[in-house]
Amino acid sequence: MLKKRLIPLILVKSGRCVKGKNFSTFRDTGFPITVARIYDSQGADELIILNIDPSSKEKFLEEIQEVADQCFMPLTIGGGIQNINDVKILMKKGADKVSINTYAVKTPSLITEIAKSFGAQAVVVSIDVKKKEDGKYEVYTQNATNPTGLEVVEWAKKVEQLGAGEILLTSIDKEGLMEGYDLELLKIVSDAVTLPVIAAGGAGKMDDFVNALNVGHASAVSAGSLLNFTDQSVIKIRKFMKEAGVNIRDRT
Amino acid sequence: MITIIDYGMGNLRSVQKALETLGAEVNISSKKEDLKNADKLILPGVGAFPDAMNNLRERGLFDVIREEVIDNKKIILGICLGVQLLAEKGYELKECEGLGLIPGEVIKFDVEKYKLKIPHVGWNNLINIKKDCPLFKNFEENELSFYFVHSYHFKTRLEEHIAAECNYGINFTAVVHKDNVYGTQFHPEKSQRAGLKLLENFINI
């Protein structure tokens with residue numbers, strides 16, 4: 001049976017790994033290649049590496065090549081992708097999938113274009129979301145600075161129609177706080193589309209991962225702060241999930 | 001020397017890096033002499049069956065591969081699209097002749113009947129494993145999880161050529177083995193430790 005997945009999220013800024021809260025106040029967390037190798041040795045199922053500072057593109061590409069050459073698992077790379085050429089460059093560097101966010105909203109046809117060239121499974125659309133006062137969820141772009149007016153379920157359905165392979169769903173409100181995922185958000189999106197949804201933003205304790213899958217109906221879980229700032233590791237999380245009955249790969 | 005066959009399609013570098021990490025001597029080539037001189041061959045692949053067969057023929061590789069594998073009994077490993085090319089026929093986009101190294105044909109998952117999303121993408125575990133296949137040496141059964149990305153699968157004509165299956169709607173062939181011909185539907189170079197272990201077993205055949 002197809003397994004649920006545990007995916008560490010690595011954010012890169014000016015060539016260094018960083019982690020923040022609610023998309024700001026970033027702290028340095030190491031070198032991409034070292035961090036990637038640790039996750040690899042701990043048996044992560046995949047890695048997502050996002051460049052949140054596209055002005056350091058060249059450095060980022062070098063680092064991606066290093067990671068791809070040394071970590072033998074599926075890599076999703078994103079950050080500042082604007083067109084098909086950006087995608088081609090990343091694929092050449094060793095990406096298996098690309099993550100697009102701002103430009104998915106700006107030029108939705110880019111989703112279809114990438115899917116046509118590389119296959120739907122290569123397109124991850126990253127959706128960052130804030131909860132409004134009326135309880136609805138609004139999609140934000142440009143590193144959580146630009147409200148789009150789009151409602152999350154409506155956008156998720158559109159993204160699926162356009163040919164995306166997966167959705168990386170992040171709660172801006174919960175991100176970095178380690179107080180749990182927004183389970184309601186996960187559920188409404190996961191139930192609305194047939195695409196796999198990767199839960200992101202808020203993982204703080206072991207139960208959160210199981211809840212994201214069982215209550216939130218996500219297909220995969222990702223974590224950033226938890227893995228950087230606590231003593232929880234991919235190994236411990238996998239063990240916990242397995243013992244909780246989750247259909248996840250055994251550690252090898 | 002293990003030669004990874006370059007026919008313009010496939011993530012050659014990932015396969016090369018994985019093998020080099022394991023200490024193997026590897027080169028990537030589309031030249032007849034290199035294929036002839038290799039101890040083992042790897043046929044990678046990402047993309048569509050007809051394009052791949054076209055590329056193989058255009059580069060004069062169709063005959064070379066058949067000669068090396070059939071006449072000279074060279075050991076070969078097909079990966080993903082590469083394992084599908086080992087078949088007699090494929091039906092992706094149109095009916096197309098394959099390398100014919102293992103009897104059988106390549107067909108699409110029955111999406112309607114089994115309510116499947118394609119491609120089959122993600123980690124999945126092997127079942128009905130033939131433990132004496134050299135690729136599975138020293139593996140515990142629960143270690144045999146690998147990363148799959150495909151919409152078509154290899155239906156072998158003979159059951160004896162199936163070395164392991166996997167379940168996605170149906171039980172489909174995940175690993176083939178016939179004498180010196182091996183193939184995996186999954187990507188061992190993307191399957192972390194399990195994948196590297198399988199590749200190491202291949203290196204040591």
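Which residues line the second largest cavity? The lining consists of Leu9(A), Ile10(A), Leu11(A), Cys17(A), Val18(A), Lys19(A), Thr29(A), Val35(A), Tyr39(A) and Asn228(A). The model is predicted, so local features need pLDDT of at least 70 and side-chain atom pairs count only at pLDDT 80 or more, while totals for chains, interfaces and linings use all residues. Residues are numbered from 1 along each chain as its sequence is written, chains are lettered from A and ligands numbered from 1 in the order in which they are written, and side-chain values use heavy atoms, with hydrogens and water left out.

The model scores ipTM 0.85 and pTM 0.90. Chain B has a mean pLDDT of 94, and 100% of its residues reach 70 or more; pLDDT is the predictor's confidence in each residue, from 0 to 100. Where pLDDT is low, the predicted coordinates should not be read in detail.

A cavity here is a set of points, on a 1 Å grid over the protein atoms alone, where a 1.4 Å probe fits but cannot get out, and its lining residues have an atom within 4 Å of a point. Grid points are joined across faces, edges and corners, and a volume is the space filled by probe spheres set on the points. Three cavities of 30 Å³ or more are counted under this rule. The second largest cavity holds about 50 Å³ of space. In chain A, β1 (5–13), β2 (16–21) and α1 (32–41) each supply at least two residues of its lining; helices (H or I, at least four residues) and strands (E, at least two) are DSSP runs, numbered from the N terminus. By class, this lining has seven nonpolar, two polar and one charged residues. In that scheme Ala, Val, Leu, Ile, Met, Phe, Trp, Tyr, Cys and Pro count as nonpolar, Asp, Glu, Lys and Arg as charged, and the others, Gly among them, as polar.

The largest cavity contains about 100 Å³ of space. Among its lining residues are Asn51(A), Lys57(A), Phe60(A), Gly79(A), Asp86(A) and Leu90(A). The elements of chain A that give two or more residues to this lining are α2 (57–70) and α3 (84–93). The lining residues of the largest cavity divide into six nonpolar, three polar and two charged.

Charged side chains are the next topic. A salt bridge is a side-chain nitrogen of Lys or Arg within 4 Å of a carboxyl oxygen of Asp or Glu, and 28 of them are counted over all chains. In one, the side chains of Asp45(A) and Arg249(A) meet at 2.6 Å, N to O. Asp45(A) lies in the loop between α1 and β4 (47–51) of chain A and Arg249(A) in the segment after α10 (234–243), so the pair ties together parts that are 204 residues apart in sequence. Both Asp45(A) and Arg249(A) are buried, where buried means under 20% relative accessible area, exposed over 50%, and partly exposed in between (1.4 Å probe, protein chains only).

Another salt bridge joins Glu166(A) and Lys97(A) at 2.8 Å, N to O. Because Glu166(A) lies in strand β10 (residues 166–171) and Lys97(A) in strand β6 (residues 97–100) of chain A, this pair ties together parts that are 69 residues apart in sequence. Glu166(A) counts as buried at 5% relative accessibility, and Lys97(A) counts as buried at 3%.

Lys197(B) lies in helix α7 (residues 192–203) of chain B and Glu143(B) in the loop between β8 (120–127) and β9 (145–150), so parts 54 residues apart in sequence are tied together. Lys197(B) is partly exposed, with a relative accessible area of 23%, whereas Glu143(B) is buried at 17%. In chain A, salt bridges that share partners join Arg5(A), Glu46(A), Lys97(A) and Glu166(A) into one network.

The structure holds zero disulfides over all chains, a disulfide being a pair of cysteine sulfur atoms within 2.5 Å. The sulfur of Cys17(A) is 11 Å from the closest cysteine sulfur, in Cys71(A), which is too far for a bond. Cys17(A), a lining residue of the second largest cavity, is buried, with a relative accessible area of 1%.

Conventions: On a 1 Å grid over the protein atoms alone, a cavity is a set of points where a 1.4 Å probe fits but cannot get out, and a pocket is an open set with protein on both sides within 12 Å along at least five of seven lines; lining residues have an atom within 4 Å of a point.
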